[in-house]
Amino acid sequence: MYIKRNITFSLDTKTKNGVLKTENVPIRMRVTFACKRVDFSMGYSIDMDKWDAEKQRVKSGCTNRLKISASQINADLNACASEMENIFRHFEMEETLPTPQMIKDAFNSRFAPPSNSSETTPEEKQLTFYNVYDIYVKEQGVQRNWTSATFQKMSVQRKHLIAFDSKLTFEKLDHKGLNKYLAFLRDKLNLCNSTILKQFDFLKWFLNWAVDHGYTDMKAYKTYHPVIKSAKRPVIYLTYEEQLQLEKFEIPKGHEYLEKVRDVFLFCCVTSLRYSDVANLRRNNIYDNHIEFVTVKTTDSLSVPLTRLAKAILKKYEDVAFPNNHALPVISNQKMNDYLKILAKMAGLDRPYEFNEYRGQERKTVVKALHDVISTHCARKSFICRCVALNINPDTIMSMTGHKDHRSMRPYIAVSNKVKEEALKKFDL
């Protein structure tokens with residue numbers, strides 16, 4: 001028998017009168033297993049700035065208020081973790097799944113806390129499925145630096161799960177339960193297959209985390225592979241001619257607000273920046289002939305050359321003061337997408353896009369104009385497509401876009417080949 005568990009150390013920064021405690025903060029050991037949690041006070045306190053949250057130990061060379069060294073405190077934390085592992089191994093040999101009280105009693109009988117500690121009572125809490133989900137979102141959101149869009153996706157998934165079963169447990173997510181959830185998403189919520197696949201991807205992220213952190217031993221999802229038909233969405237981009245059409249379009253009176261949206265979008269078309277990166281671009285990122293920045297999504301350090309158009313757009317706003325020294329007049333992503341559709345329709349960007357969409361076994365073909373599907377991310381895709389069409393070395397493109405491998409470039413190569421084929425047809429006219 002193996003009991004999945006997770007043993008972590010952190011500071012117990014409980015608020016008092018709404019003020020976060022940052023000095024002389026108690027160190028806590030947290031043990032999670034089988035969707036249960038037990039907290040133990042380690043008998044030591046340390047200032048927050050002396051604690052290494054990543055290593056879960058006191059920073060080397062520091063002491064607490066009682067002048068106890070980091071090496072001694074960390075040695076005792078290691079001893080506690082080792083003793084806790086011994087306790088779990090004992091229960092595994094006995095083929096027994098312990099209760100939180102059994103873990104508490106075993107630890108207290110084997111391990112004596114440091115003599116300088118005050119008497120404390122360990123805390124335990126029975127966690128529900130949704131309690132664990134909230135912990136997952138909070139911890140992973142900080143650790144992985146999630147964007148607001150990712151938090152929104154996790155929130156939507158939580159609502160779907162609650163609508164499916166407000167008293168959901170990990171044990172219910174066996175193959176039968178997963179089948180029921182699949183049917184719920186398809187038949188009750190009427191989601192298309194591609195969206196259902198994304199929902200299951202998000203769910204598996206969470207379940208992998210829950211297993212790794214000892215909240216559950218339920219692993220049915222690892223062998224659950226439903227056949228869900230889906231079709232790849234086409235790459236939505238602007239050709240060079242369409243980009244020029246948008247650049248030269250004269251914005252009518254009464255719609256001057258669209259000019260700034262166009263400038264930001266075109267800047268992204270010639271620099272490959274994502275919305276999050278152009279929204280975060282500051283004047284100190286700008287040099288004479290290039291920009292240097294760290295991407296928000298992947299934290300990659302990138303350097304991108306500035307084209308004639310990019311320089312002209314930056315110069316247009318160089319004397320305009322924006323909050324936090326930002327370089328361009330970037331509005332919210334949602335508003336920008338709404339305004340882009342209005343602008344593209346006015347500019348006559350109506351090239352048709354054909355989508356194949358599955359709902360269950362039924363396939364539906366949808367045709368939409370470019371102005372109906374354009375978004376801020378189209379600018380980045382337009383940059384890549386044009387670079388590929390110009391036969392720029394893929395490694396050079398990836399150095400500017402932050403892509404990690406050539407496989408991610410395949411959709412753009414396919415688009416480029418199609419553009420070239422259309423161009424060659426003109427020889428037969």
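This is a predicted model: local features need pLDDT of at least 70, side-chain atom pairs count only at pLDDT 80 or more; totals for chains, interfaces and linings use all residues.
Reader: Which residues of helix 10 are buried, and within what arc do they fall when seen down the axis of the helix?
Author: Helix 10 covers residues 308-316, and its buried residues are L309, A310, I313 and L314. An α-helix has 3.6 residues a turn, so residues three or four places apart point the same way. Seen down the axis of helix 10, the buried residues line one face of the helix, because they fall within an arc of 135 degrees.

Reader: Which exposed residues does helix 10 carry on the face turned away from its buried side, and against which helices do its buried residues pack?
Author: On the face turned away from the buried side, helix 10 carries the exposed residues R308 and K315. The buried residues of helix 10, in turn, pack against two elements, namely helix 7 (240-248) and helix 8 (257-269).

Reader: How many residues apart in sequence are the parts that the pair E242 and R351 ties together?
Author: The side chains of E242 and R351 meet in a salt bridge with an N to O distance of 2.7 Å. E242 lies in helix 7, whereas R351 lies in the loop between helix 11 (333-346) and strand 9 (352-359), so the pair ties together parts that are separated in sequence by 109 residues.

Reader: Is E242 buried or exposed, and what is the relative accessible area of its partner R351?
Author: E242 has a relative accessibility of 9%, and because buried means under 20%, E242 counts as buried. R351, which meets E242 in the salt bridge, is partly exposed, with a relative accessible area of 24%.

Reader: Where do E23 and R65 lie, and at what relative accessibility does each of them stand?
Author: The side chains of E23 and R65 meet in a salt bridge of 3.1 Å, N to O. E23 is in the loop between strand 1 (5-11) and strand 2, and R65 is in the loop between strand 5 (57-58) and helix 1 (70-93), so this pair ties together parts that are 42 residues apart in sequence. E23 counts as partly exposed at 48% relative accessibility, while R65 counts as exposed at 52%.

Reader: How many salt bridges does the structure hold, and which residues are linked in a network of salt bridges?
Author: The structure holds 15 salt bridges, including one in which the side chains of R186 and D187 meet at 3.0 Å, N to O. A network of salt bridges links R5, E85 and E92.

Reader: With which side chain does R28 make a polar contact, and over what distance?
Author: R28 is placed in strand 2 (residues 25-33), and it counts as buried at 16% relative accessibility. Leaving aside neighbours within four places in sequence, R28 is in contact with residues including T8, F9, D39 and M42. A polar contact joins the side chain of R28 to that of D12, at 3.4 Å.

Reader: Which element gives the largest share of the lining of the second largest pocket, and how many residues does that share hold?
Author: The second largest pocket holds about 1200 Å³ of space and is lined by 30 residues, of which S10, L11, R28, K138 and E139 lie nearest its centre. Strand 1, strand 2 and helix 3 (129-143) are the elements that give two or more residues to this lining. The largest share comes from helix 3, with 7 residues.

Conventions:
Residues are numbered from 1 along each chain as its sequence is written. Side-chain values use heavy atoms; hydrogens and water are left out. Buried means under 20% relative accessible area, exposed over 50%, partly exposed in between (1.4 Å probe, protein chains only). Helices (H or I, at least four residues) and strands (E, at least two) are DSSP runs, numbered from the N terminus. The arc is that of the directions from the helix axis to the C-beta atoms. Contact means heavy atoms within 4.5 Å. A polar contact is a pair of N or O atoms within 3.5 Å; within protein, one must be able to donate a hydrogen and the other to accept it, and residues adjacent in sequence count only if both atoms are side-chain atoms. A salt bridge is a side-chain nitrogen of Lys or Arg within 4 Å of a carboxyl oxygen of Asp or Glu. On a 1 Å grid over the protein atoms alone, a cavity is a set of points where a 1.4 Å probe fits but cannot get out, and a pocket is an open set with protein on both sides within 12 Å along at least five of seven lines; lining residues have an atom within 4 Å of a point. Grid points are joined across faces, edges and corners, and a volume is the space filled by probe spheres set on the points.
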